[in-house]
Amino acid sequence: MVLELSLKDFLYRKTLLLKMLEERLPAESQRKVKGDYHSRKKPRPCGVTVHSVIGCKYGCTYCYLPEMGVSFSNYHVYGLSGDEMSYALLLNPYFLPGRFGSLIAIGSVGEPFVDEHAFTRTLEYIHSFSKHLGNPTQFSTKAALSEAQVKALASVKLPISPLVTVVSLAYYRKLEPNAPTPEKRFETIRLMRKNGLHPLLFLRPLIPGVNTEEIEEIVDEAKQAGAIGVVIGGLRITPMILERLEKAGFQTTQIRERVKGVLRRGVQLSVDVSDIKRQAVEVVREKGLVPFLSACCANNYTAMLYDGIRAPCPGLDYIDGRFCTLCPVQCPKIKTKIDPDEAREMIEKIAHTRVLELNIDDKYIRVKLEGKKNFSLKEKILIEVGYRRRVLLQ
């Protein structure tokens with residue numbers, strides 16, 4: 001099967017959905033949504049992020065939210081309704097709706113299931129995405145969910161990718177002082193698998209000298225609970241995070257040795273754990289689970305498990321191969337078809353200039369434009385997600 005992709009169809013469907021929701025939402029709701037940052041913010045590598053909750057109460061030692069001005073001891077449920085959030089995404093110039101459109105990620109600046117009110121709002125968003133959008137949707141959580149809550153999530157007709165975070169069995173209370181125990185989170189994985197979802201362990205962050213000796217044990221527990229794969233992630237630090245880790249009794253020498261750059265308050269720096277990630281990938285494979293180095297790949301994989309359709313990941317990690325682990329989707333081997341005439345038409349429409357040369361192969365769109373040497377980020381994302389190819393301006 002060759003997957004046919006049409007950016008024109010994506011944008012046409014987006015226009016129809018916008019009109020439909022504008023007929024449904026009152027003028028006051030529309031004004032509120034147009035002023036909300038979900039309607040215009042840039043996507044992250046994991047996809048278009050949606051915040052059903054801002055803040056958290058778990059107080060994790062490694063948390064970067066305080067440096068972003070977000071509390072990790074208090075939280076509030078987001079103010080948009082489900083249909084208002086769907087409308088915000090459709091207004092977002094970077095977003096493409098549909099099963100083969102943009103990926104959606106919930107839970108980057110707050111715990112989406114921190115209490116019943118938060119669960120209800122998050123579920124409302126997922127229901128609305130199912131009804132209006134159809135995009136593969138991922139959430140990350142440390143919450144302990146009841147079977148009734150898991151059944152409610154599993155009942156939604158939408159590709160859902162659950163990430164359940166467990167980073168330590170020995171030091172979880174020092175690292176995550178107010179979060180549910182790992183045992184309760186593994187039980188959440190069991191309930192998800194039992195009820196037809198495809199849960200993954202979110203093994204993030206890997207903290208050198210702290211939790212890196214526990215990788216095999218954590219993966220064993222996750223597999224026993226029913227996880228189908230593991231998303232492996234690194235650590236970002238600030239002086240405040242290091243201070244919290246040291247106050248909790250952890251040595252930070254190995255972390256400091258792996259940081260590139262000068263630590264400054266309010267600035268997050270990545271810790272180089274590439275070697276540890278490679279080791280973790282091998283451990284996960286040896287245990288018979290599917291390893292991922294990016295959350296977007298996991299989202300794309302669980303979408304395939306949901307409907308059986310293999311589609312290249314919108315994040316395009318498989319093209320340069322840096323984060324691609326050659327999961328069962330096998331993105332590099334998937335053939336997609338696009339109409340060169342349509343591609344020319346859409347690029348000219350999006351870029352507001354004439355296409356002088358256009359060359360398309362399985363991985364790249366190489367284009368020369370009249371009077372233009374760079375694509376804007378919006379132009380680049382629309383073309384790349386819509387056609388699943390890197391776009392290179394000649």
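Reply: One definition before the helix pairs: axes are lines fitted to C-alpha atoms, for helices over the stretch in contact, and angles run from 0 to 180 degrees between N-to-C directions. Also, this is a predicted model.

Me: Fine. At what angle do α2 and α3 pack, and how far apart are their axes?
Reply: Helix α2, residues 27–34, packs against helix α3, residues 82–91, at an angle of about 55 degrees. Their axes are 9 Å apart.

Me: What do you call that orientation of α2 and α3?
Reply: Oblique. Angles under 35 degrees count as roughly parallel and 65 to 115 as roughly perpendicular, with over 145 being roughly antiparallel and the rest oblique, so α2 and α3 are oblique to each other.

Me: Is the crossing of α2 and α3 left-handed or right-handed?
Reply: The crossing of α2 and α3 is right-handed.

Me: Which residues meet there, α2 against α3?
Reply: From α2 there are Ser29, Gln30, Lys32, Val33 and Lys34. They meet Glu84, Tyr87, Ala88 and Leu91 of α3. By type, the residues of this contact are 4 nonpolar, 2 polar and 3 charged.

Me: Another pair, then. How do the axes of α1 and α4 cross?
Reply: The axes of α1 and helix α4 (residues 116–133) cross at roughly 120 degrees and come within 11 Å. That angle makes α1 oblique to α4.

Me: And which residues of α1 and α4 meet?
Reply: Arg13, Leu17, Met20, Leu21 and Arg24 on the α1 side meet Lys131, His132 and Leu133 of α4. The contact of α1 with α4 divides into 4 nonpolar, 1 polar and 3 charged residues.

Me: On to sheets. What is the strand order in the open sheet of 7 strands?
Reply: The order is β2-β5-β6-β7-β8-β9-β12, and the pairing is parallel. At the edges are β2 (48–50) and β12 (290–292), each of which pairs on one side only. Ignoring direction, neighbouring strands in this sheet are turned by 25 degrees against each other on average.

Me: Pick the β6 and β7 pair. How many bridges join them?
Reply: There are 5 bridges between β6 (residues 137–141) and β7 (residues 160–165), and the two strands run parallel.

Me: In which sense do β15 and β16 pair?
Reply: Parallel, over 4 bridges. Arg366 stands opposite Leu392 in β16.

Me: How many residues of α15 are buried?
Reply: Helix α15, residues 377–387, is mostly covered, with 8 of its 11 residues buried. Among them are Glu379, Ile381, Leu382 and Tyr387.

Me: What covers the buried residues of α15?
Reply: The cover includes α1 (7–24), α14 (340–351), β15 (364–369) and β16 (390–393).

Me: Last one. Which residue follows α15?
Reply: Arg388, which has a positive phi near 55 degrees.

Methods
Residues are numbered from 1 along each chain as its sequence is written. This is a predicted model: local features need pLDDT of at least 70, side-chain atom pairs count only at pLDDT 80 or more; totals for chains, interfaces and linings use all residues. Side-chain values use heavy atoms; hydrogens and water are left out. A crossing is left-handed if the near helix is turned anticlockwise from the far one by less than a right angle, and right-handed if clockwise. Contact means heavy atoms within 4.5 Å. Ala, Val, Leu, Ile, Met, Phe, Trp, Tyr, Cys and Pro count as nonpolar, Asp, Glu, Lys and Arg as charged, and the others, Gly among them, as polar. Buried means under 20% relative accessible area, exposed over 50%, partly exposed in between (1.4 Å probe, protein chains only). Two strands pair if DSSP finds at least two bridges between them.
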